[in-house]
Amino acid sequence: MSSAEIESVLHENRVFEPSSDFVKQANISGMPAYQVLCDEAERDYEGFWARHARDNLLWQKPFSRVLDESDAPFFKWFDDGELNASYNCLDRHLNAQPNKIAIIFEADDGTVTKVSYKQLFHKVCQFANGLKSLGIKPGDRVVIYMPMSIEAVAAMQACARIGATHSVVFGGFSAKSLQDRISDAGAVAVLTADGQMRGGKEIPLKPTVDEAIAMGGCGSVKNMVVYKRTGSDISMQEGRDVWLSDLVQNQPDVCEPTWVKAEHPLFILYTSGSTGKPKGVQHSTAGYLLHAILTMKWTFDYKGSDVFWCTADVGWVTGHTYIAYGPLAVGASQVVFEGVPTFPDANRFWKMIEDHSVTVFYTAPTAIRSLIKLGAELPKQHDLSSLRLLGTVGEPINPEAWIWYYQEVGGGRCPIVDTWWQTETGGHLLTPLPGATPLKPGSCTFPLPGIMADIVDETGESVPKGHGGILVLKKPWPSMIRTIWGDPERFKKSYYPDDFRGKQYYLAGDGASRDEDGYIWIMGRIDDVLNVSGHRLGTMEIESALVAHDLVAEAAIVGKPHDVKGEAVIAFVVLKGARPSGEEAKKIAKTLRDWVGQDIGAIAKPEEIRFGDNLPKTRSGKIMRRLLRAIAKGEEITQDVSTLENPQILEQLKETI
Ligand code: WT7
């Protein structure tokens, strides 16, 4: 990040205090209350987390140890305790509120289905018994490739109930991406659906799973369970594939939870890193669930009367923590949505908030920006007075979008929690507390109590206020990533590199700065990872996809600021033959975009492709990405290019098609 960029964010000086009405009813009210919790964690770190783990989780066997650092950085929390995540999300509510609505599901076409806690409990138990009947055992990996549905949440809960480790793959990922993940996880089963509905269009799922398995490397898969969603024609393989309705039909609707160790892997979720291969982020049971619960209470100020709505897909970590686990564990009523914000039109979110009387609404800045474009005046046409709290996640929010969200959606009365976290962190780490923190539009403000975040330089020294640096976590926390599935070395290298002069800090991969008031501003990734519409994409992943095409000799991917997506993917490509131009270039660009879509998924398709005879390289052959980024942005190149092997290439690459 340039010093000019840091300068500009650090001069945001509008401050929005929480209203006294909000403060009065808040779970943590006022900065002094926040400070008390922070001080407690500072004084007695393990005692702080142990107290919360005892108060918030139901343990089958209580833990006696809190943090075990003996095999650092493979930290363990509460590790001699035993519990079950599904028990903590469902059974615990059966006496107190069996008939409370757990999920209000709205399908793409607007059909609404509701299930109570008791109904969801029985659904999950039958599903779990069905999985058991297939021979699925604790510790087995189960891939879930399903549309947003009550069944998808039940599938995750059913795995948790029997101690199977789920790995959800977002329905937008290609057969190739799915195959990679099934094979890396060594999954014994895939839970899927015939298809899914998004924006009125049907998207096949089961055929994609068949395609993935046909690619090979998926020999571990013994069973496939298919939820009938669209009713479209699909082929079922005798002996391997079973309809969900048949699987659960004669199953008992009660299933004893399988008690697991606190550190038992609840799930693996693949995310992009700076090399080509996605990383299987492995999470624990107890520490993860604890943070999901605490952040429901702290960040979302959860109250029994809330109607919570997180618009993420369960294919991403946000949909794990703030759909499948957090809201259920605290006993919330939540909206689960199958469709997209723009179908049938850009009123959809606002209409749904009105229809379901949503009180806490959590979405991504990219959705907010696109809805501003499609109809900044639309929220006014709806009664949004049920809302009391708004949240954002996944990428920085620009102050203009923040102000619009605050005024037009929140009516100037709802605090906005800008939550910074990652697949690896399990839940929020940096976020305002809505009844305490004075907000600055675009800043995720301060760390949660017990989270030892700092901004440091290359030597691990804290940078002074008003400066930028590297975001680190100085102490392990309960919901952190435990390892990368099957690759502990990569875990160490990615998150605990030998930087910072031997200090053992978790490296988040983000740049950040702190302003004069101590507010934290996230400045974006410092590694080769892009953030497109709040989704993480590795530049190397897209480059590998491109060079796997017959026509391509070399490719480099960079990000370029985009007013809706946050960042857009720009590809610089060298073909094996001559550099194409005119219509031919257009045709090849389309072929390559579709190819990337096929290989990874539609989200990875480059926005723009530019062709050159070569890429700008140093004399030692290193691609100068900084120059490519400047070209992509259309900036004048002011850097010294004298070390460049081939400066004339720059002119070619400035040409767009
Ligand atoms: C990366 C993590 C967290 C769940 C969804 C994304 C960026 C995330 C914010 C925020 C600025 C943010 C970071 C982070 N990010 N939240 N509030 N402000 N940047 O999870 O796919 O693991 O991506 O998203 O760069 O490292 P993810």
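## Close-up views of a predicted model

**View 1. A parallel strand pair, β29 and β30.** Strand β29 (residues 566-575) and β30 run parallel and are joined by four bridges. This is a predicted model. Strands of a sheet pair through backbone hydrogen bonds, either parallel or antiparallel.

View 2. The strands follow the order β28-β29-β30 in an open sheet with mixed pairing. β28 (552-562) and β30 (608-611) are the edge strands, and each pairs on one side only. From one strand to the next, the twist averages 25°. Helix α19 (residues 625-633) packs on this sheet. α19 touches β28, β29 and β30, and its direction makes about 55° with that of β28.

**View 3. The crossing of α17 and α18.** Two packed helices are described by the angle between their axes and the distance between the axes. Here the axes of α17 (residues 539-547) and α18 (residues 582-599) come within 9 Å. They cross at roughly 115°. The crossing of α17 past α18 is right-handed. On α17, the contact is made by I542, A545 and L546. On α18, it is made by L592, W595, V596 and D599. By residue class, the contact of α17 with α18 has six nonpolar, no polar and one charged.

View 4. The ligand is surrounded by 17 residues. The closest are D418, T419, T423, D510 and R536. In the side chain of D418, an N or O atom is 2.7 Å from a nitrogen atom of the ligand. R536 places a polar side-chain atom 2.8 Å from an oxygen atom of the ligand. For Q422, an N or O atom of the side chain is 2.9 Å from an oxygen atom of the ligand.

View 5. Most residues other than glycine have a negative phi, and most peptide bonds are trans. The bond that joins A72 and P73 is cis, with omega about 5°. P73 sits in the loop between β1 (67-68) and β2 (76-77). F343 and P344 are also joined by a cis peptide bond, with omega about 0°. P344 lies in the loop between β17 (333-337) and α13 (348-356).

**View 6. A positive phi at D301.** D301 is a residue other than glycine, and its phi is positive, near 50°. Its place is the loop between α11 (286-298) and β16 (307-310).

Terms used
Residues numbered from 1 in each chain as written. Predicted model: local features only at pLDDT ≥ 70, side-chain atom pairs only at ≥ 80, totals over all residues. Heavy atoms only, no water. Axes fitted to C-alpha atoms, helices over the stretch in contact; angles between N-to-C directions. Helix = DSSP H or I, 4+ residues; strand = E, 2+ residues; numbered from the N terminus. Left-handed = near helix turned anticlockwise from the far one by under 90°. Contact = heavy atoms within 4.5 Å. Nonpolar A, V, L, I, M, F, W, Y, C, P; charged D, E, K, R; others polar. Pairing = 2+ DSSP bridges. Near = heavy atom within 4 Å. Polar contact = N/O pair within 3.5 Å; in protein donor to acceptor, adjacent residues only side chain to side chain.
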